[in-house]
Amino acid sequence: IRMYLFDRDTKQSRLQMDRTFSVNKRCSLSGLYPYRDQYMLVGLCNYHCWRYLPYMFSTTNFPTFEHNASFLLGKNKTLERQSIEAEGCFSARKSEYAVSESGTIHSAWVRSTQAIEPKHDETIYYSVNKDGSKWEEPVQVYWAKDTRMFYQLSNLSLVNSGKSAFLLWQDFREGIYFAEIDDKKTKDIIKISDLAKTSDIRYEPLEFASTIKVSSDTDGNAYTLWAENDRGVYQLFFKARIRGKWLKETIIGTGAGYLKMPDMKVDKEGNVHITYIKPLDQKEPRGVYGCYYMKLSPSVSTLPRSW
């Protein structure tokens, strides 16, 4: 594994000779996060499940499973793996991570038991790592049992908020849910939208890209975004929880084409900065994509902030 430092002024990248290291070949890396005085890498490690060994010679689709893990640079320039959950006859999908200023690492993911048969379970789990060396026992947040829909629980978004974590996810049969998980792993779950799965956008580059996002501010308020893509028209929804009270959802954008990968940050003045991606040519979703920006400013009111 090699790491490069990109200089924004000179637009040049330089190889970091002191950050070249090896990783177990069974693991693949998918993310990089600043962590204290170094970096944390995250990824998946694959393995086989003994239960399915009899199928090895009777099927061309012998199942391989993956569990999620974090990696920190150890001695001898090797990455030390910290498994987030134990190996089993299931796979971790759609893993999300958030790192607080104090160094606490939050993680949420979908555990799927899909293997040979179409019927399977999909479960959202959450775990936390408070010292950088050990992940706590995962807790179950939400469950879709005996489903035949692949990726019924697909979109996930996670953010740190003080001593809590905010989690947003979409159940393609039930709608969109929000959860606040405190440091005692107490879960407060609420359904914020009935929007389930909308029309497929097949064979375009961002077919499986997320359409939801959750963010927070320094006061512990929660902000959520989600997009509805239906028959070539998109709508971008915004909903916030200010001082513990949920405001009514608002459509803040609509147009032709498809919208993916919404993102947002809230500054100290309460302004919400939003970006998203959509095709430049609305009639050709498989064409060139552009990144768009918009800003929501809080109005002056005696009521909770509204936009």
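Strand 11 supplies the biggest share of the lining of the largest pocket, eight residues. Keep in mind that this is a predicted model, where local features need pLDDT of at least 70, side-chain atom pairs count only at pLDDT 80 or more, and totals for chains, interfaces and linings use all residues. Residues are numbered from 1 along each chain as its sequence is written, and side-chain values use heavy atoms, with hydrogens and water left out.

**The largest pocket**
- Its volume comes to about 1,200 Å³ (the space filled by probe spheres set on the grid points).
- Of the 45 lining residues, L158, V159, K213, V214 and K265 sit closest to the centre. A pocket here is an open set of points on a 1 Å grid where a 1.4 Å probe fits, with protein on both sides within 12 Å along at least five of seven lines, and lining residues have an atom within 4 Å of a point.
- The lining splits into 18 nonpolar, 15 polar (Gly counts here) and twelve charged (Asp, Glu, Lys and Arg) residues.

**Salt bridges**
- The whole structure has eight salt bridges (a Lys or Arg side-chain nitrogen within 4 Å of an Asp or Glu carboxyl oxygen).
- R26 and E87 pair up at 3.7 Å, N to O, and this pair links distant parts of the chain, 61 residues apart.
- R26 is partly exposed at 30% relative accessibility (partly exposed lies between buried, under 20%, and exposed, over 50%, with a 1.4 Å probe and protein chains only), and E87 is also partly exposed, at 44%.
- K191 and D194 come within 3.1 Å at their closest N and O atoms; K191 is partly exposed at 35%, while D194 is exposed at 62%.

Methods. Helix = DSSP H or I, 4+ residues; strand = E, 2+ residues; numbered from the N terminus.
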